[in-house]
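Student: Could you walk me through how to read a model like this one, feature by feature?

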Amino acid sequence: MNKKVSSRKKASKASNIADVMGASYIKRIMAYFIDMLVVSLVMYFPMKGLFSGMIGDEETFSSLFAASNEMSFSIFLLDFVLALVFILYFALLEFKLSQTVGKMMMGLEVKSVIGELTFRQCFMRNISKMSVMFLFIDSIYGLFKGTRRRFLEKYSSTVVVNK
Amino acid sequence: MIRKKTTKKSAKAINNKYQEEYIKNLIKSSKRKKFDGKKFKTVLKVLLIIWVLSFFIGKAFSGEVGNKVAIIPIEGPIMSSMGASPFGGNVVDSETIVDLIEEASEAKNVKAIILKINSPGGTVVASKEIARAVKELEIPVVSVIREVGASGAYWIASASDYIIADEMSITGSIGVNGGYLEFSGLMDEYGVSYEEMTAGKYKDMGNKYEKLNSKEREIMQKKLDLIYENFLGAVAENRNLTYTRVAEIAEGLYYLGVEAMEFGLIDEFGGMKEGKEKVENLTGLALEEKVYEVDEGFFSAFDMIGAKSSYGVGRGIGDSFIKGNINSGYLSPIT
């Protein structure tokens, strides 16, 4: 009986939080770019050798990405592993602090709609950050629904709110 | 009077309350500062994890991605795969080298190849096979001759775009050598005779139990001359020299690097460092080295022990008859 009551309470609380509109996309995009910058800076030095070997003297990063379409399985695997590391940055910081560096600077935080925020939720909500294209598609859902919540945020029962 | 006292008391209480709140706020703010420190530490920890992971990923993928120059060592006598096994790791198996060349040229990130040569030569077909594979490559190939790059090994080097050797490296030796073990005298001494049934006059030519007659010698010489001409032609074409010029300087003579430079047999003095600089110049790219060599599995270690011990036994017997020639058994020309 007690359990039922607590679950109802949880559900009502959940619906309250679920009703909260997500924070503005502009703020979130800015936070995302700050995070990109932070992660890129951290990853640049240990990966410097790889990239300098990949890019010739006269080539640019854009030509590297253009060339990556025709690159071998190793490049694909490297892309995948790097994306995982990128996701891990978001998942770990959101799980520990409910915020990433970008979100801290933009005054945003991640909340769980159902109880405490778990690592699984944090990881799940960030999977689309594997590729800009996935993230774009994921974000379009929130625009159409008008809730400012990405599809994966809804799926992982999380929401980004203003702190 | 009592009222005044109570108002004073209440004023004091209010003051105390404000003070309490003020202190609480101070504590809160100091706590917040402490909390921020924790946040900062957590961020640093996560960034450290990301850094460590990136470091290991960078290490793990450094051999797989990025523009590379493939280093293919050709070290030891060059033989076709059939003749290679009894000598274990000391012999260059042409089929393996051709496979490595193909593997490197198919890898999209390999922009150039350096052949690291340290070989006295080898059999004709094996050397020619590798030279052909080198010539067919569409990416720049630079040969770096270490101690020795003579005969068949020079044939291979000549097929590359650029040859680098030390002033004291041994190179050249453009010629063909054909020989075989002949121990008919020994057999006579021990009263051993040899009989072989053959159909075809020269089918038995070059067997190790009989001396060659003049006709057979003439036939063999013609064949060696033919190979020699082929060798000269290949070097002349590869090095942009005239056939006559190569014929003049060849004659089976070996040359030191300084002499080879004079004759146009090499392009530059140096070693691996100069080789890498050259391929970077040719490609216009910063290249990382990746060595392509035979991946020796667990079982090949046993195979190698067996092969080496067999070679040791064989060499013990062979050395008593002939020194410094790999060629044993039926006559097979070596370059």
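Tutor: Let's start with one residue. Leaving aside neighbours within four places in sequence, Ile156(B) is in contact with Ile74(B), Leu115(B), Ile117(B), Ser127(B), Ile130(B), Ala131(B) and Val134(B). Two residues are in contact if their C-beta atoms, placed from the backbone, lie within 7 Å. This is a predicted model, in which local features need pLDDT of at least 70 and side-chain atom pairs count only at pLDDT 80 or more, while totals for chains, interfaces and linings use all residues. Residues are numbered from 1 along each chain as its sequence is written, and chains are lettered from A and ligands numbered from 1 in the order in which they are written.

Student: Where does Ile156(B) sit, and is Ile156(B) buried or exposed?

Tutor: A residue is buried if 20 or more other C-beta atoms lie within 10 Å of its own, exposed if 12 or fewer, and partly exposed in between, with C-beta atoms placed from the backbone. Ile156(B) belongs to helix α5 of chain B and is buried, because 34 other C-beta atoms lie within 10 Å. Helices (H or I, at least four residues) and strands (E, at least two) are DSSP runs, numbered from the N terminus.

Student: How far apart are Ile156(B) and Ala131(B) in sequence and in space?

Tutor: They are 25 residues apart in sequence, and 4.3 Å separates them in space, C-alpha to C-alpha.

Student: Which residues of α4(B) are buried, and what do they pack against?

Tutor: The buried ones are Val124(B), Ala126(B), Ser127(B), Lys128(B), Ile130(B), Ala131(B), Ala133(B) and Val134(B). In chain B they pack against β2 (78-79), α3 (94-106), β4 (110-119), β5 (141-150), α5 (152-158) and α7 (214-238).

Student: How do I check the length of helix α4 of chain B?

Tutor: The expected span of a helix is 1.5 Å times one less than its number of residues. For the 12 residues of helix α4 (residues 124-135) of chain B that gives 16 Å, and the end C-alpha atoms are 16 Å apart, which agrees.

Student: How are α3(B) and α4(B) oriented to each other?

Tutor: Axes are lines fitted to C-alpha atoms, for helices over the stretch in contact, and angles run from 0 to 180 degrees between N-to-C directions. Angles under 35 degrees count as roughly parallel, over 145 as roughly antiparallel, 65 to 115 as roughly perpendicular and the rest as oblique. Here the axes come within 9 Å and cross at roughly 5°, so α3(B) and α4(B) are roughly parallel to each other. On the α3(B) side, the contact is made by Ser94(B), Ile97(B), Val98(B), Ile101(B) and Glu102(B); α4(B) contributes Ala126(B), Glu129(B), Ile130(B), Ala133(B) and Val134(B).

Student: What should I make of a positive phi?

Tutor: Most residues other than glycine have a negative phi. Ser151(B) has a phi near 55°; it is found in the loop between β5 and α5 of chain B and counts as buried, with 28 C-beta neighbours inside 10 Å. Phi of Arg148(A) is also near 55°, but Arg148(A) is partly exposed, with 19 other C-beta atoms within 10 Å.

Student: Where is confidence in chain B lowest and highest?

Tutor: pLDDT is the predictor's confidence in each residue, from 0 to 100. Chain B averages 77; confidence is lowest in helix α11 (residues 298-321), at a mean of 43, and highest in strand β6 (residues 162-165), at 96. Where pLDDT is low, the predicted coordinates should not be read in detail.
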